Amino acid sequence: MANPTPYRYVGSRAELRAVVAALAAEPRFALDTEFHRERTYRPQAALIQIAWPGDLVLIDPLAVDVEALAEVFASGALMVAHAAAQDLEVLEDCCGMAPPRIFDTQIAAGFLGLGTPALSALYESEIGWRPPKGDRLTDWLARPLKASQLDYAAGDVMHLLEIHDRLSGRLQQTGRSGWAEAEFELLLERNRARQKPEDAWTRLKEAKHLRRRDLPVVRQLAAWRERHAAKINHPVRHVLSDVAVVSIAQAAPRSVEQLAAVRGVSAGTARGRLGGAILGAVAEGLESKWSPPPRRATRSDMMDRLRPVVGLAATWVNQLARDHKIEPSLLATRADIEALIRGDAEARLTQGWRSEMAGEPLRRLMAGEAALAFDEGRIVLEERSGKPAD
């Protein structure tokens with residue numbers, strides 16, 4: 001039986017150098033990665049799939065150093081990928097850099113009224129092709145990889161350039177290429193500016209319940225956990241749970257005995273090498289001159305008071321996005337609407353096409369210059385009459 005997805009398996013330095021040389025003159029290539037990160041801090045690359053006109057390769061990063069791919073990325077060629085955020089992080093880690101230009105087919109689909117489709121769904125709807133089925137939870141680090149795994153991986157990039165041709169053409173026809181390109185650049189910026197260890201505390205859900213005087217401690221402790229996890233390449237939760245980080249910040253222990261009494265901290269952890277490091281982070285937090293940024297009006301006051309307004313505005317924005325055949329989350333999330341209402345200078349709805357399409361109308365709504373009304377089952381924004389209802 002013929003291989004449904006022809007490809008070359010690359011597992012040596014000489015083979016990889018040949019791939020890099022072949023890609024040197026290519027203006028674009030399709031790329032996908034398979035990786036694991038359940039037991040590590042950094043994503044562990046298990047396979048890198050690259051396709052360009054006339055060729056498709058599956059590169060084994062467990063058999064060959066893939067840093068040479070950085071030469072391809074540095075050339076400025078366009079990387080076409082689907083849901084590329086994690087792929088960019090993988091490439092940054094195993095190749096030392098990620099491509100500076102991308103086209104994300106999932107984002108592009110969102111600007112064309114296709115929602116946020118899985119790649120298999122996009123293949124079927126656009127070119128009527130069903131990629132080989134695969135086990136989503138397969139072990140990509142196992143060697144040798146099965147033929148079914150390789151076929152599945154090759155299928156992820158086999159027709160991706162054709163999808164790029166179709167979607168980019170329609171983006172140009174609809175005048176939305178600029179919108180999509182701005183979103184692609186935002187994706188690259190997020191990858192380049194991965195959150196610093198000092199910002200790790202902002203990702204702790206329970207931190208919002210801490211007293212302001214506890215925040216320097218939780219900030220220092222969360223940063224220490226992030227750095228230690230990166231050093232030993234273990235998930236942060238394996239170093240210290242979120243509950244433990246917040247509980248320690250609240251208790252601010254100064255001794256091993258006090259640390260051992262904190263929720264989420266075992267006696268072994270408190271008395272071991274990590275115990276001293278944790279107490280050191282707590283002490284640094286207590287002595288820190290850092291002060292948390294002034295709190296904006298919180299949900300408990302301003303946003304709770306305006307919850308009905310936000311809900312109604314979100315419903316209108318979702319309808320507006322559907323009317324314009326845009327994935328609603330690309331136009332504005334609920335958080336974006338709240339940021340606009342709060343008056344945040346960096347609010348997405350105050351910038352570019354989002355401001356014109358939704359931000360300015362919402363500003364007029366909040367200023368009392370416009371009103372929302374029902375019209376044949378739809379919510380419409382219209383000029384306010386100023387006349388109260390009878």
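**Entry 1**

I start with a cut-off: angles under 35 degrees count as roughly parallel, over 145 as roughly antiparallel, 65 to 115 as roughly perpendicular, and the rest as oblique. I also remind myself that I am looking at a predicted model.

With that in hand, I looked up helix H9 (residues 215-232) and helix H14 (residues 273-287), whose axes cross at roughly 140° and come within 7 Å. H9 and H14 are therefore oblique to each other. I noted the hand of their crossing as well, and it is right-handed.

Which residues meet here? From H9 I listed Pro216, Val217, Gln220, Leu221, Trp224 and His228. On the H14 side they meet Leu274, Ala277, Ile278, Ala281, Val282, Glu284, Gly285 and Leu286. Sorted by class, this contact of H9 with H14 has 10 nonpolar, 3 polar and 1 charged residues.

**Entry 2: H9 again, with another partner**

The axes of H9 and H11 come within 8 Å, with a crossing of roughly 145°. This crossing is right-handed. In H9 I found Val217, Val218, Leu221, Ala222 and Arg225, which meet Asp242, Val245, Ile248 and Ala249 in H11. The class count for H9 with H11 is 7 nonpolar, no polar and 2 charged residues.

Is Ser247 buried or exposed? Its relative accessibility is 12%, and buried means under 20%, so Ser247 counts as buried. Setting aside neighbours within four places in sequence, I see Ser247 in contact with Val262 and Arg263.

**Entry 3: the sheet**

Now for the strands. I traced an open sheet of 6 strands in the order E1-E4-E3-E2-E5-E6, and its pairing is mixed. Which strands stand at the edges? They are E1 (8-10) and E6 (102-104); each has a single partner strand, so one side of each is left without a neighbour in the sheet. From one strand to the next, the twist averages 25°.

Helix H7 (residues 160-174) packs on this sheet and touches E2, E3, E5 and E6. The direction of H7 makes about 120° with that of E2.

**Entry 4: strand E2 and its two partners**

I stayed with strand E2 (residues 28-36), where 8 of the 9 residues are buried, so the strand is largely enclosed by the rest of the structure. A handy reminder for myself: strands of a sheet pair through backbone hydrogen bonds, either parallel or antiparallel.

E2 shows me both kinds. Strand E5 (residues 78-81) runs parallel to E2, joined by 3 bridges. Strand E3 (residues 44-52) runs antiparallel to E2, joined by 7 bridges. I wrote down some bridge partners too: Ala30 goes with Val80 in E5, and Thr33 with Ile48 in E3.

**Entry 5: Phe29 up close**

My last stop was Phe29, which lies in strand E2. Its bridge partner in E5 is Met79. Phe29 has a relative accessible area of 1%, so I noted it as buried.

What does Phe29 touch, leaving aside its neighbours within four places in sequence? My list is Leu23, Ile50, Ala51, Val72, Phe73, Ala77, Leu78, Met79, Val80, Pro99 and Leu161. I also checked Phe29 against Leu171, 142 residues apart along the chain, and found their C-alpha atoms separated by 19 Å.

Key. Residues are numbered from 1 along each chain as its sequence is written. This is a predicted model: local features need pLDDT of at least 70, side-chain atom pairs count only at pLDDT 80 or more; totals for chains, interfaces and linings use all residues. Side-chain values use heavy atoms; hydrogens and water are left out. Axes are lines fitted to C-alpha atoms, for helices over the stretch in contact, and angles run from 0 to 180 degrees between N-to-C directions. Helices (H or I, at least four residues) and strands (E, at least two) are DSSP runs, numbered from the N terminus. A crossing is left-handed if the near helix is turned anticlockwise from the far one by less than a right angle, and right-handed if clockwise. Contact means heavy atoms within 4.5 Å. Ala, Val, Leu, Ile, Met, Phe, Trp, Tyr, Cys and Pro count as nonpolar, Asp, Glu, Lys and Arg as charged, and the others, Gly among them, as polar. Buried means under 20% relative accessible area, exposed over 50%, partly exposed in between (1.4 Å probe, protein chains only). Two strands pair if DSSP finds at least two bridges between them.
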